[in-house]
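Here is a short report on one protein chain. Please look over the sequence and the structure first.

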Amino acid sequence: MAFRPLLRQRAIAPTAVTAFAATTLLWPTTLVHAESPPEHAIARKPIYDELPPSRSKAPSSKSPEPSTSTSTTPTPTDRLASQIRRVRLSIHDYTASVESSFNNFMSAVLIQERSFTSTIASLAPPRESNERIMPGALYVLVAAMSGSIVTRNRNVLLRATVPFAVGLGAAWVVLPLTTRNVADLVWTYEEKAPLVAENHLRVRGAAIEGWKQIKLRGEKVGEWSEETIREGRKAVEGWVISSEN
């Protein structure tokens with residue numbers, strides 16, 4: 001009875017060795033994967049039949065060249081953007097043209113204003129002269145009105161020309177420098193019309209020649225009157241002397 005536990009231990013050892021050997025022999029050496037079959041698994045027949053090799057292979061060994069052409073059809077967004085761009089460019093061009101026209105107009109107005117003011121200033125007499133425009137202009141106006149009063153009962157030609165001639169003569173007497181400046185200004189405008197300038201020269205030449213003739217006739221009349229008076233005085237003196245004797 002004392003050796004019974006010892007016998008049991010000896011009997012357990014061979015049994016454990018035998019179980020370990022059987023487990024080693026029966027344990028599989030390949031791993032089973034649930035997701036994919038092993039590489040050496042048996043190939044199964046596919047459900048769909050494969051195409052013949054002659055139809056599946058390409059007839060030529062050359063690989064097709066990749067297509068380099070891209071689609072050129074514009075999208076609605078591109079068309080809308082192009083239309084907006086055209087409208088903006090047209091508006092910009094129109095605005096620029098309007099602004100340029102307005103600037104040119106204002107420049108022309110300023111040039112004309114400067115020319116007008118400079119012309120009016122050039123008509124005035126110099127400051128060192130004793131000529132005054134305001135009283136002289138009043139004298140010219142009174143002279144022209146007097147010529148109109150004198151010819152009020154005459155024909156239309158005299159009523160139109162005499163006041164102008166009297167006023168012009170008074171202007172040359174009272175305001176000689178200003179009248180000269182005005183005449184020069186009128187002559188610059190008359191030069192733009194050759195026909196008017198030619199007629200003016202003719203009228204001016206005739207007027208100057210008439211004035212010379214008037215002066216010459218006046219001098220002759222003066223000499224004749226002096227000579228007549230001298231002869232009359234001598235005749236009177238002779239008559240007095242003879243009556244005394």
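**Overall fold**

This is a predicted model. The protein chain has 7 helices and 0 strands. Read along the sequence, the pattern is α-α-α-α-α-α-α. Of the 245 residues of the protein chain, 8% count as buried.

**The nonpolar patch**

Five side chains form a nonpolar patch on the surface: Met134, Leu138, Tyr139, Val173 and Val174. Together they have about 530 Å² of accessible area. Two helices each supply at least two residues of this patch, namely H4 (133–150) and H5 (156–174). H4 gives the largest share, with 3 residues.

Methionine 134 is one of the patch members. Helix H4 holds methionine 134. Methionine 134 counts as exposed because its relative accessibility is 58%, and the cut-off for exposed is over 50%.

**The negative patch**

Charge gathers elsewhere on the surface. Glu219, Glu223, Glu226, Glu227 and Glu231 form a patch of negative charge there. Glutamate 227 sits in helix H7, which spans residues 194–244. Its relative accessibility is 40%, so glutamate 227 counts as partly exposed.

**The salt bridge**

How many salt bridges does the count give? The count comes to 1 salt bridge. Its partners are the side chains of glutamate 198 and arginine 202, at 2.9 Å from N to O. Both residues lie in helix H7. They are 4 residues apart, and therefore separated by about one helical turn. Glutamate 198 is partly exposed, because its relative accessible area is 39%. Arginine 202 is exposed, because its relative accessible area is 55%.

Threonine 178 lies in helix H6. Threonine 179 lies in helix H6 as well, within residues 176–190. Are these threonines buried or exposed? Threonine 178 is buried, because its relative accessible area is 13%. Threonine 179 is buried too, because its relative accessible area is 11%. The cut-off for buried is under 20%.

For threonine 179, a polar atom of the side chain lies 2.5 Å from the backbone oxygen of leucine 175.

**Arginine 159 and isoleucine 149**

Arginine 159 has its place in helix H5. Its relative accessibility is 42%, so arginine 159 counts as partly exposed. Isoleucine 149 is 10 residues away along the chain. The C-alpha atoms of arginine 159 and isoleucine 149 are separated by 8.8 Å.

**Exposure at a glance**

The table collects the residues discussed above.

| Residue | Relative accessibility | Class |
|---|---|---|
| Methionine 134 | 58% | exposed |
| Arginine 159 | 42% | partly exposed |
| Threonine 178 | 13% | buried |
| Threonine 179 | 11% | buried |
| Glutamate 198 | 39% | partly exposed |
| Arginine 202 | 55% | exposed |
| Glutamate 227 | 40% | partly exposed |

Key:
Residues numbered from 1 in each chain as written. Predicted model: local features only at pLDDT ≥ 70, side-chain atom pairs only at ≥ 80, totals over all residues. Heavy atoms only, no water. Patch = residues over 30% accessible without salt bridge, like charges linked within 9 Å, V, L, I, M, F, W, Y side chains within 5 Å. Areas by Shrake-Rupley, 256 points an atom, 1.4 Å probe, with all protein chains shown as cover. Salt bridge = Lys/Arg side-chain N within 4 Å of Asp/Glu carboxyl O. Lys, Arg positive; Asp, Glu negative; His and termini not counted. Charge placed at Lys NZ, Arg CZ, Asp CG, Glu CD. Buried < 20%, exposed > 50% of the residue type's maximum accessible area, 1.4 Å probe, protein only. Polar contact = N/O pair within 3.5 Å; in protein donor to acceptor, adjacent residues only side chain to side chain.
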